[in-house]
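Let us take a friendly walk through a protein model together. Have the viewer ready, and follow along as each part comes up.

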Amino acid sequence: MPEMHPFKTSHTKLTQILCLKPKAVLVTMAITATQNDGVSLSADEISYDLVETDVDIITSGRRRIPAHSGVLASASPVLINIIEKPRKSHGGRGSSKRVVKILGVPCDAVSVFVRFLYSPSLTEKEMENYGIHLLALSHVYMVPQLKQRCTKGVGERVTAENVVDVLQLARLCDAPDLILKCMRLIHSKFKTVEQTEGWKFLQEHDPLLELDILQFIDEAESRKKRRRRHRREQNLYMKLSEAMECIEHICTDGCTWVGPSSNLDNNKSTSQVKTGPCGAFSTCYGLQLLIRHFTVCKKRVDGKGCLRCKRMIQLLRLHSSICDQSESCRVPLCRQFKSRGEKDNKMVEEMKWKVLVRRVASAKAMSSLSQSKKKKIEVLFKEEAEDFIRIRKKLF
């Protein structure tokens, strides 16, 4: 009894086949194998008779899959070189068919691979069952479309149990996207991966790959720490920028129960300058406490005193470094710090201070831009709402 194969099963339809001319797709059709080894194509209810197959693909289980050299040559440059080699008779009857051996993978995987060469389509079940084998075949025979599909499909199905095996295959098949996905999965679930058989095998037989994985994890952790530190620094600069704005409006217009600097200097009542709480109330309230303490602290002597006074002096100095209206500015000590800074440019920490000033100024600019954009959006929404109300009144 002859061996059965997918392309010779009676009345079995296979999806979409490419026409015979190499490197040219003429028409998409369905293929139906017949009993007499003939192949007929049908597309849009029109039948086409093709020549008999001229290539036998032999798999690991000695299964023979008949194919057309033109189709194989148009899909894979590696198969072109194999097919163009001098013919060798195969079989006892001196068959003139060329023979291509595809070994090392399951027979069904080879069948799916050959069918993909005829028509670029894969089902989810085929990808689940043979995705890894098809990835290897697509790399060996240089079928980029299949390799792309398999890279994505295998990446979607990789788990902590098989990630080490998939990573090794991805490195052999030069699939960088799949390598990166496997590395990230190992990093996120390292404790689970560390208990798998694949990881234990890796430790014993491939220490270089283990070193690459550990280096990737170390670099990922370092990047995460840098991002966290950067976010903390940005939050600090934004808070300092907010504090600069609060100092200006406290000393200029007053806020809640702390008024302008002129009132503080003259010990006048602040009831006449009281306003409602500002948007940054928590920051503003803390600054008000510092300002009130700074004005009455008895330990403050030439900028030296308690910790709260030192903190207030640093904030006033930071404001002076950012302020571009020192002549008309009403913030205390603004002009004094300006003049002192121009004279004393040889401080050891001057460079660090300049970096801090630049970053706070940048954060202030970004904050003002975001606020202006937010105000524009609010104005736009308000105008649209007014237009809508006006139109509705006209209609009803």
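Predicted model: local features only at pLDDT ≥ 70, side-chain atom pairs only at ≥ 80, totals over all residues.

Residues are numbered from 1 along each chain as its sequence is written, and side-chain values use heavy atoms, with hydrogens and water left out.

Arg157 forms a salt bridge with Glu124, with 2.4 Å between the closest N and O atoms. This pair links distant parts of the chain, as Glu124 sits in helix H4 and Arg157 in helix H5, 33 residues apart. A salt bridge here is a side-chain nitrogen of Lys or Arg within 4 Å of a carboxyl oxygen of Asp or Glu; helices (H or I, at least four residues) and strands (E, at least two) are DSSP runs, numbered from the N terminus. Glu124 is exposed, with a relative accessible area of 57%.

Another such pair is Asp212 with Arg171, where the closest N and O atoms are 3.5 Å apart. Asp212 belongs to helix H10 and Arg171 to helix H6, so the pair ties together parts that are 41 residues apart in sequence. Asp212 is partly exposed at 29%, and Arg171 is partly exposed at 39%. Asp56 is buried, with a relative accessible area of 11%, whereas Arg64 is partly exposed at 32%.

Now look at how the helices pack. The axes of H5 (residues 144–157) and H7 (residues 176–188) come within 9 Å and cross at roughly 10°; axes are lines fitted to C-alpha atoms, for helices over the stretch in contact, and angles run from 0 to 180 degrees between N-to-C directions. H5 and H7 are therefore roughly parallel to each other, a label for angles under 35 degrees. Where do they meet? Thr151, Val154, Gly155 and Glu156 in H5 are in contact with Asp177, Leu178 and Lys181 in H7, contact being heavy atoms within 4.5 Å.

Next comes H6, whose buried residues include Val163, Val164, Val166 and Leu167. What covers the buried residues of H6 includes H4, H5, H7, H8, H9 and H10. Asp165, also in H6, is partly exposed at 45%. In the loop between H5 and H6 you will find Asn162, and its C-alpha atom is separated by 8.4 Å from that of Thr196, 34 residues apart along the chain. Just after H6, Asp174 takes a positive phi of about 55°.

Further along, Ser320 in helix H13 is buried, with a relative accessible area of 2%. Leaving out residues up to four places away in sequence, Ser320 touches Cys334, Phe337 and Lys338.

Finally, step back to the whole chain. The protein chain has 15 helices and seven strands, and 37% of its 396 residues count as buried.

Technical notes:
Parallel < 35°, antiparallel > 145°, perpendicular 65-115°, else oblique. Buried < 20%, exposed > 50% of the residue type's maximum accessible area, 1.4 Å probe, protein only.
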